[in-house]
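This report sets out selected features of one protein model. The sequence and the coordinates are shown first.

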Amino acid sequence: MSMATEKTLSKAMALVAKADGVSSMGVTGDGKDQLEVVGDGIDSVCLVQCLRKKIGHADIVKVEEVKPEKKPEEKKPEPLPYLWSGCHCQQKIVIKVSMPCERSRARAMTLAARADGVISMAITGDAKDKLEVVGDGVDPVRLVSSLRRKVGPAEILQVEEVKEKKPEEKKKPEEKKPENPKPPQPMVVYPPPPQSCPGGYYYYPHHPPPRMVVCEEPSTCPIM
């Protein structure tokens, strides 16, 4: 879908929020040119025709069934006071809003879609009474005030910064250290045995040869 400016993006999200059965939506794609919509009983053809008429070029990229995932039980957060100080970081805001019917939920999502900096939104909670908004530099106080005027009672449950997940570093395989070569073992040369004489006598040489030790080591002599 062609969404060149923030104004066009906000207008497209507001149109989608008015469609019947929409439960959540978000901007995806590297160029932020795709709008991902989740809901029950949405007429995708009618939705694309409306976007083409009010926004510009739009096509259906993919339609698939969303399988429900088992979620762990979440503890209900207590209402926390929050003062917005002009933070321009990506944050997630959870607002409890009185939305008893589909019409009130669509109105709440339309108001959230028109807020500055909103990237995605969804209706959550077992009773579908929570509006979860993710964006950059969203003013939660102004958003809650608008919801109270046009939808019903609303209060902030949670405001937190969305941290980007760092990719895990792959561990390098440990290099095997070369084994130290064994030093050459010395070769022992023993003296010759005693010589025998006629008559059964033995005698040793006057000066027996000394015992020698020979090591097999490479020679460093250039002549060799």
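The sections below treat the basis of the model, its fold, its salt bridges, its surface patches and some individual residues.

## Basis of the model

The model is predicted: local features need pLDDT of at least 70, side-chain atom pairs count only at pLDDT 80 or more, and totals for chains, interfaces and linings use all residues. Residues are numbered from 1 along each chain as its sequence is written, and side-chain values use heavy atoms, with hydrogens and water left out.

## Overall architecture

The protein chain contains 4 helices and 10 strands. Here helices (H or I, at least four residues) and strands (E, at least two) are DSSP runs numbered from the N terminus. Along the sequence, these elements follow the pattern α-β-β-α-β-α-β-β-α-β-β-β-β-β.

The protein chain has 224 residues, of which 26% count as buried. Buried denotes under 20% relative accessible area, exposed over 50%, and partly exposed the range in between, for a 1.4 Å probe and protein chains only.

## Pairing around strand E5

Strand E3 (residues 90–97) pairs with E5 in the antiparallel sense over 7 bridges; two strands are taken to pair if DSSP finds at least two bridges between them. Within this pairing, glutamine 90 has aspartate 136 in E5 as its bridge partner. E4 and E5 also run antiparallel and are joined by 6 bridges, and isoleucine 123 stands opposite leucine 131 in E5.

E4 and E5 form a hairpin with 5 residues between them, and glycine 125 in the turn has a positive phi of about 95°. Lysine 128 lies in the loop between strand E4 (118–124) and strand E5 (130–136). Most residues other than glycine have a negative phi. Lysine 128, however, has a positive phi of about 55° although it is not a glycine. With a relative accessible area of 40%, lysine 128 is partly exposed.

## Salt bridges

The structure holds 4 salt bridges, each defined as a side-chain nitrogen of Lys or Arg within 4 Å of a carboxyl oxygen of Asp or Glu. One of them links glutamate 160 and lysine 92, whose closest N and O atoms are 3.3 Å apart. Glutamate 160 lies in strand E6 (residues 154–161) and lysine 92 in strand E3, so this pair ties together parts that are 68 residues apart in sequence. Glutamate 160 is partly exposed at 33% relative accessible area, and lysine 92 is likewise partly exposed at 22%.

Another salt bridge joins the side chains of glutamate 102 and arginine 105, at 3.2 Å from N to O. These two residues are 3 residues apart in helix H3 (residues 102–114) and are therefore separated by about one helical turn. Glutamate 102 is partly exposed, with a relative accessible area of 45%, whereas arginine 105 is buried at 11%. The side chains of aspartate 139 and arginine 142 also meet in a salt bridge, at 4.0 Å from N to O. Aspartate 139 counts as buried at 17% relative accessibility, while arginine 142 counts as exposed at 60%.

## Surface patches

Patches are made of residues with over 30% relative accessible area and no salt bridge, with like charges joined within 9 Å and nonpolar side chains (Val, Leu, Ile, Met, Phe, Trp, Tyr) within 5 Å. Lys and Arg count as positive and Asp and Glu as negative, while His and the chain ends are not counted. A charge is placed at NZ of Lys, CZ of Arg, CG of Asp or CD of Glu.

A patch of positive charge on the surface gathers Lys7, Lys11, Lys18, Lys53, Lys54, Arg114, Arg149 and Lys150. Helix H1 (6–17), helix H2 (44–54) and H4 are the elements that give two or more residues to this positive patch. A nonpolar patch on the surface is formed by Val45, Ile60 and Val63, with about 280 Å² of accessible area together. Valine 63 is placed in the loop between H2 and E3 and counts as exposed at 64% relative accessibility.

## Helix H4

Proline 140 is located in helix H4 (residues 140–150) and is buried, with a relative accessible area of 0%. Proline 140 and glutamate 155 are 15 residues apart in sequence, with a C-alpha to C-alpha distance of 9.8 Å. Lysine 150 also belongs to helix H4; lysine 150 is partly exposed, with a relative accessible area of 46%.

How values were computed: Accessible areas come from the Shrake-Rupley method with a 1.4 Å probe; for residues, only the protein chains shown count as cover.
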